[in-house]
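Please keep the sequence and the coordinates at hand while reading.

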Amino acid sequence: MAISKAASRAADGREDDDGPSMTPGYVVPKKVGVDELLAKDADDESLRKYKEQLLGQAAKGVRAADPSDPRRVVITELRVLFHDRPGGDIVYALNTPEDIRALKSKPFVLKEKCLYRIQVSFRVQHEIVSGLKYVNKVFRAGIRVDKDEEMIGSYAPQDSSYTITIPRREWEEAPSGWLARGGYTAESSFVDDDGVTHLKYEYAFELKTDW
């Protein structure tokens with residue numbers, strides 16, 4: 001969520017292509033379900049152990065899902081990590097669809113020049129999701145002013161949540177100045193390498209001179 005870029009783009013009205021980018025020359029691999037993967041080379045002991053380690057609970061028949069819930073990727077928490085915010089991080093527990101829908105109406109505040117990152121916890125259920133990409137789009141006054149995306153990998157179904165942090169290694173610095181201040185909305189989605197959107201949610205934030 002590079003707000004410094006968003007602020008500059010808001011000034012001149014620039015926008016990028018709306019969909020996730022495609023890597024030139026990349027061929028989407030054939031999708032393989034948990035059962036099919038486990039059945040392959042079943043007589044190879046070393047390969048069996050490797051697949052059990054890779055698939056975790058799914059290798060033991062645990063799919064960690066309500067059969068009536070068709071979702072494969074379920075968000076469980078959104079956390080805004082700060083380097084030096086009084087009061088620590090901001091945490092949104094997203095245990096129900098109502099929590100997710102209400103997220104946009106509960107904006108958080110970024111202080112100018114603060115260091116922050118976004119951390120998302122999510123659960124995978126039913127089947128493997130492969131080639132997941134995190135796509136985040138930022139809007140100001142209804143106009144999209146920035147888009148960031150990052151490949152986050154493939155995940156097997158399990159009871160416990162996976163956690164990703166964006167950016168993964170460094171801190172993002174919020175910009176400063178009157179041009180950047182104000183309210184923003186954002187839309188995040190998890191898209192696989194087939195272009196299927198498994199998860200989408202919206203949130204809001206404000207850039208101010210103080211917390």
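This is a predicted model: local features need pLDDT of at least 70, side-chain atom pairs count only at pLDDT 80 or more; totals for chains, interfaces and linings use all residues.

S188 belongs to strand 9, which covers residues 182–191.

Two side-chain polar contacts are found for this serine: one with the side chain of N136 at 2.5 Å, and another with the side chain of Y134 at 3.2 Å. When neighbours within four places in sequence are left aside, the residues in contact with S188 include Y134, V135 and N136, and they also include L199, K200, Y201 and Y203. The stretch of residues 129–140 is strand 5, while residues 197–208 make up strand 10.

## The protein as a whole

How many helices and strands does the protein have? There are four helices and ten strands, and read from the N terminus their order is α-α-α-β-β-α-β-β-β-β-β-β-β-β.

Of the 211 residues of the protein, 42% count as buried. The accessible surface comes to about 11,300 Å², and carbon and sulfur atoms account for 50% of that area.

Strand 9, which holds S188, is part of an open sheet of five strands, arranged in the order 3-10-9-5-6 with mixed pairing. The edges of this sheet are strand 3 (108–111) and strand 6 (143–155), each of which pairs on one side only. Neighbouring strands of the sheet are turned against each other by 25° on average, with direction ignored.

In general, the strands of a sheet pair through backbone hydrogen bonds, in either a parallel or an antiparallel sense. Here, strand 5 (residues 129–140) and strand 6 pair in the antiparallel sense over ten bridges. Within this part of the sheet, K137 stands opposite K147 in strand 6.

## H198 in strand 10

H198 lies in strand 10, which runs over residues 197–208. With a relative accessible area of 16%, H198 is buried, because this value falls under the limit of 20%. The side chain of H198 makes a polar contact of 2.9 Å with the side chain of D192.

Apart from neighbours within four places in sequence, H198 is in contact with R72, V73, V129, L132, F190 and D192.

## Salt bridges

The count of salt bridges comes to ten. One of them joins E149 and K133, whose closest N and O atoms are 3.1 Å apart; this pair links distant parts of the chain, with E149 in strand 6 and K133 in strand 5, 16 residues apart. Is K133 buried or partly exposed? K133 has a relative accessible area of 12% and so is buried, being under the limit of 20%, whereas E149, at 27%, is partly exposed. E149 and K133 are also linked with K147 in a network of salt bridges, and K147 is the residue that K137 stands opposite in strand 6.

A further salt bridge joins E150 and R168, with the closest N and O atoms 3.1 Å apart. The two residues come from distant parts of the chain, E150 being in strand 6 and R168 in the loop between strand 7 (162–166) and strand 8 (172–173), 18 residues apart. E150 counts as partly exposed at a relative accessibility of 24%, and R168 likewise counts as partly exposed at 38%. E206 and K208 form another salt bridge, for which the closest N and O atoms are 3.5 Å apart; E206 is partly exposed with a relative accessible area of 28%, and K208 counts as partly exposed at 35%.

Note on methods: Residues are numbered from 1 along each chain as its sequence is written. Side-chain values use heavy atoms; hydrogens and water are left out. A polar contact is a pair of N or O atoms within 3.5 Å; within protein, one must be able to donate a hydrogen and the other to accept it, and residues adjacent in sequence count only if both atoms are side-chain atoms. Contact means heavy atoms within 4.5 Å. Buried means under 20% relative accessible area, exposed over 50%, partly exposed in between (1.4 Å probe, protein chains only). Accessible areas come from the Shrake-Rupley method with a 1.4 Å probe; for residues, only the protein chains shown count as cover. Two strands pair if DSSP finds at least two bridges between them. Axes are lines fitted to C-alpha atoms, for helices over the stretch in contact, and angles run from 0 to 180 degrees between N-to-C directions. A salt bridge is a side-chain nitrogen of Lys or Arg within 4 Å of a carboxyl oxygen of Asp or Glu.
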